[in-house]
Amino acid sequence: MAKSGPPPIVFILLFLLLAGGGWFFFLNKPASQDVSNHPSTPAPAGDIVPLPVAPVVGGASPVAASSFALPASVPAGTTVRIQGSTSMVTINLNLKNGFQAKFPGTRVDSKANGSAKGIQDLVAGTADLAAVSQPLTAQEQGQGLAAVPVALDTIALVVGINNPFKGGLTSAQVQDIFKGNTQDWSKVGGLAGPIKVINRPAVSGTHQTFKEQVLSGANFGTAPNITTLDRDATTPLLQTLGNNGIGYATFAQVVNQKTVRVVAVNGATPDAGNYPYKRQLYYAYKNPPNQAVKDFLGYATSSEGQKAMLAGN
């Protein structure tokens, strides 16, 4: 007796149709239905990371770093007045030259009488930007000031080119020298002879940073072999070193000097990644900034401005 029902081929075709439909659904289902197996890949970050803006205490809100965009144009007649740290003389000059060349008819006036003077003039309204080599204090932020970091700098220890001391120092030895505890070169591996310490005045941002970073917040020594300069200027400091002196300055100001030699610390020179005495340099401004300040900071923090800042280095 013959079997009833559809022939076997019908079942085979039905199976193939069902399998194909399932496979089609799997390939075309929304990605949200398969997040556990195929998590989304985040978009790669851009090459430029916005520079952070120092927080402001006292109710004022800092302008976001992204607001300082590189301007397409700057009106002729625009003037930017900069006052502040001697450590930023070269940076100020390079940015001045780059800014004025890119935007004809603009003018950047730059003076360097110390970070404290820069803040003083900024508050008084006689400067548009203060070049400072240390973070703003809470009191300064409370006056409505904010700051943008523009460069990473190192503080170099220097001796005269004819100083018989040819070695390096440890961090502990540097502390002892500038605290006045070590007063003879023989105590740090040199020939016998008095160490003449040349210190910068307290109004210097470099002085304050050295005190924090190198002396761990302790005061400089008051021994007779320590001389504190009346004004914050690097050239007189270098001229005072002689054959037995030691002092400090921003590395950019001494790297090409022929009359002094940089002293290694913990076996590293200032151009090495593991050198211990590094600091951030800033431009401080009164919040909210005027258009000239926005334009200059937009240039200074752009890739073009950063390249101009290093001109000649």
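Student: In this predicted model, where is the place of serine 216, between which helix and which strand?
Tutor: The model is a predicted one, and its serine 216 has a phi near 55°, a positive value in a residue other than glycine. Most residues other than glycine have a negative phi. As for its place, serine 216 sits in the loop that runs between helix H6 (205–213) and E6.

Student: Is serine 216 buried or exposed?
Tutor: The relative accessible area of serine 216 is 59%, and the cut-off for exposed is over 50%. Serine 216 is therefore classed as exposed.

Student: How does asparagine 266 count in terms of accessibility, and at what percentage?
Tutor: Asparagine 266, placed in the loop between strand E8 (260–263) and E9, also has a phi near 55°. Buried requires under 20% and exposed over 50%, with partly exposed in between, so asparagine 266 counts as partly exposed, at a relative accessibility of 47%.

Student: With which side chains does the side chain of aspartate 232 make a polar contact?
Tutor: Aspartate 232 lies in the loop between strand E6 (226–228) and helix H7 (234–240), and it is buried, with a relative accessible area of 9%. Its side chain makes a polar contact at 2.8 Å with the side chain of arginine 200, and another at 3.2 Å with that of serine 204.

Student: Is the peptide bond from asparagine 287 to proline 288 cis or trans?
Tutor: Proline 288 is found in the loop between strand E9 (278–286) and helix H9 (291–300). Most peptide bonds are trans. For the bond from asparagine 287 to proline 288, however, omega is near 0°, and the bond is cis.

Note on methods:
Residues numbered from 1 in each chain as written. Predicted model: local features only at pLDDT ≥ 70, side-chain atom pairs only at ≥ 80, totals over all residues. Heavy atoms only, no water. Helix = DSSP H or I, 4+ residues; strand = E, 2+ residues; numbered from the N terminus. Buried < 20%, exposed > 50% of the residue type's maximum accessible area, 1.4 Å probe, protein only. Polar contact = N/O pair within 3.5 Å; in protein donor to acceptor, adjacent residues only side chain to side chain.
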